[in-house]
Amino acid sequence: MRNTLFTLAALSAMFFSSCVENSKAEKEHSVVSESSDTSATGTTDATAVGRSGKKAGAAEILAKKEVPVLCYHQIRNWKASDSKRAHDDIIPPANFSQHMKMLADSGYHTILPDQLYDYLNYGKQLPEKPIMITFDDTDLDQYTVGAKELEKHGFKGVFFIMTVSIGRPRYMSKAQIKELSDDGHMIASHTWNHKNFAEFTDEDWEIQIDKPTRTLETITGKKVEYFAYPYGVSKAENLHKLQEHGFKAAFILSTKRDPDYPLFTIRRIIDPGTYTAKNLYNSINKSFK
C-alpha cells in the first residue's frame, strides 16, 4: 500500500512539473508568435519605439527619408521694380495655382509639423507622398491667395509669422491669423522683426523668441512649438536654446542639417516664381531623395 501511495505521489509530482513546463513553453511560444506576427504585419522597429515613447537619436533621424518641405514668401504678380533675384521669392498667383494643382494631381498629401515630428521621432506613419507647404513673413497674399488655393485641394499649410508686421498694410491681421489657425492650418514663429538668428544677443531671446510666442499663442489659443529661421540661417551653438525656449523643431532652407540637432535644422526648398509646375516636380524629387 505504501508503495502504491509513493508511486501515486511521484506520478502526481511529475504531472505537475510537466504542466508547469508546458505552460512556460506556451507562454514563450506566445511571445515569439507575437513578435513574428508584428514582423509579418510590416510593423517597423521605429513604430515599436514609438509605442514605447522613446525618442529617436540624431543619427536615426538623419537616416530617415526626408519629407519635402516647400517655402513661399510673396504670392503676387511681378512689378517692373522687382529685381531678377526677387523673382525667386515672388511667385505669381497663376503659377502658384498651377503648382498646387500639380501637387494634388501627383498624389501629394500635405502634413503639418506635428506629423513630421512624430514621424522623425517615433516612426509614426505618414500619408502616401507627404509634403509640407510653408509660408514666411506674414504677407497678406498668403491669406488671400495662398490659403484659398490650398483649400481647393484640401491642403493645409504652415504660416511662419513675423509678429512686428501683424496688422500693418499688406500684412495679415490678428483676425486673419486666427482664422487660418481655426481652419486647421498651423501658425508658427518667424521672430519679431526677422533678425538673423546667427546674430542673436542675450536679450533677443525675449524679444525675438519668447514675446512672439506669447503673442501668437494669445491670438490662436494654441501652443506655438515650431520656428523658421529668417533667411534660413541657423547657428549650431544656439540650437539647444530653441529647445529650452519651448520649440520642438525648427526649419532652415536648403543648407545641410546639423548632425547633433537634425530636428532643429529641417530642410526646406523655395519654389521659385520662375518655375513651371514640371520644374517644381523635378526639384522636389531631386532635393528630397
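**View 1. Strand β1 is covered on both of its faces.** In this predicted model, V69 and C71 lie on one side of β1 and L70 and Y72 on the other, and all four are buried (under 20% relative accessible area, with exposed meaning over 50% and partly exposed in between; 1.4 Å probe, protein chains only). In a regular strand, side chains alternate between the two faces of the sheet. Strands (E, at least two residues) and helices (H or I, at least four) are DSSP runs, numbered from the N terminus.

**View 2. Strand β1 pairs with β3 and with β8.** Pairing requires that DSSP find at least two bridges between two strands. The β1–β3 pairing is parallel and extends over four bridges; within this pair, V69 stands opposite M132 of β3. The β1–β8 pairing is also parallel, over two bridges, and here L70 stands opposite I269 of β8.

**View 3. Helix α11 has a buried side and exposed residues on the other side.** Within α11 (residues 277–287), the buried residues are A277, L280, S283 and I284. They lie on the same side of the helix because they cover an arc of only 120 degrees around its axis, the arc being that of the directions from the helix axis to the C-beta atoms. K278 and K286, on the other side of α11, are exposed. The cover over the buried residues of α11 includes β1 (69–72), α5 (93–105), β3 (130–136) and β8 (269–270).

**View 4. S181 is a buried residue of helix α8.** Helix α8 comprises residues 174–182 and contains S181. The relative accessible area of S181 is 2%, so this residue counts as buried. Leaving aside residues up to four places away in sequence, S181 touches I187, T220 and K222; contact means heavy atoms within 4.5 Å.

**View 5. The protein chain as a whole comprises 11 helices and eight strands.** Of its 289 residues, 45% are buried. Among contacts with a separation of 6 or more, 65% are between residues 24 or more positions apart. The accessible surface of the chain is about 15,500 Å², and carbon and sulfur atoms contribute 53% of that surface; areas come from the Shrake-Rupley method with a 1.4 Å probe, and for residues only the protein chains shown count as cover.

**Notes to all views.** Residues are numbered from 1 along each chain as its sequence is written, and side-chain values use heavy atoms, with hydrogens and water left out. For this predicted model, local features need pLDDT of at least 70 and side-chain atom pairs count only at pLDDT 80 or more, whereas totals for chains, interfaces and linings use all residues.
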